[in-house]
Amino acid sequence: MATTYFNDTKLNPFGEIKKLPLQANGVTSSAYSIHLETPLDEKHDWKEVGVVGNDYLLVPNQNVVDMVHEMTDKSDMEWQENRTFFNGRQFMYSMTTNDITAEVAVGDTVGLGIAAWNSYNGSRNLSYSFFANRLACLNGMTSKVHFFDRRFKHDNTSVEWAKELEGIVNVMHNASQNLVDFAGACKGLNEIGRLNTLELSTIRSKYIPGLPVTIFGKIMDKYLMESDYEEQTGWDFLNASTNLLWHNKKGTAADYDNNQYITDGLLEYAKERDSWKAASI
């Protein structure tokens, strides 16, 4: 089921967007104001959502969605809309397919997803990346280590970005092996068994030290208290984390960054833990 998260319900992510030169005392500035049409707001017609430089390449969110659809349509796979996020500045749109899957444990399968990002204020690169979608709970798991991503600057050096994305169909099929490798790494987390206090302390201090305390506390509360994670394995800990961050109805762009940070940190822990065990034999 597709989910839409708009932090500001008065803003239409697909409204008309324009870049206007800024002026002060009759002098034209080198900066430009980005204005978004706001038909959902009865008091205003337009709202400033960013200030950028003259060479900023403004890409409408609808163009990003259209490009994702064009790519998935060419893949010979069946894709479904997954998630739309917009806060007036950053935008994310994702789709998933069950035609490419891999098994972490018996009956616990992950599928492939693709996400595209855009921004109207220069805070996010125009980009696309793949991710894993756990079918049991539809948690998205993003990773810099295990999945391909491509970023474009919002300037004239990326003016041909749409043409470059035409080659993504080949990358999609290669991503099937990335998903298998990702599931294999997740098996290592699942095989750890119940995490003890020392392991949790090691994970927190060495593998996800930059995670905000409030987010870590919410994850621990979910991990320890909810029945979905009663075995309390490393895999459970990852799923408690991604469930919180991927399904947050008041989510922020930082939630997606933290998702990636936790996923890569936990999988690195499982990998190094296996190395320690092998060295001690």
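Guide: Start with a term: helices (H or I, at least four residues) and strands (E, at least two) are DSSP runs, numbered from the N terminus. This is a predicted model, where local features need pLDDT of at least 70, side-chain atom pairs count only at pLDDT 80 or more, and totals for chains, interfaces and linings use all residues. Residues are numbered from 1 along each chain as its sequence is written, and side-chain values use heavy atoms, with hydrogens and water left out.

Now the pocket. On a 1 Å grid over the protein atoms alone, a pocket is an open set of points where a 1.4 Å probe fits, with protein on both sides within 12 Å along at least five of seven lines; lining residues have an atom within 4 Å of a point. Volume is the space filled by probe spheres set on the points, which are joined across faces, edges and corners. The largest pocket holds about 320 Å³. Its lining has 19 residues, and Trp 117, Arg 124, Ser 129, Arg 151 and Gln 260 are the closest to its centre.

Four elements each supply at least two lining residues: strand 7 (108–119), strand 8 (126–134), strand 10 (149–152) and helix 7 (253–280). Strand 8 gives the most, with 4 residues. By type, the lining has 8 nonpolar, 6 polar and 5 charged residues. Here Ala, Val, Leu, Ile, Met, Phe, Trp, Tyr, Cys and Pro count as nonpolar, Asp, Glu, Lys and Arg as charged, and the others, Gly among them, as polar.
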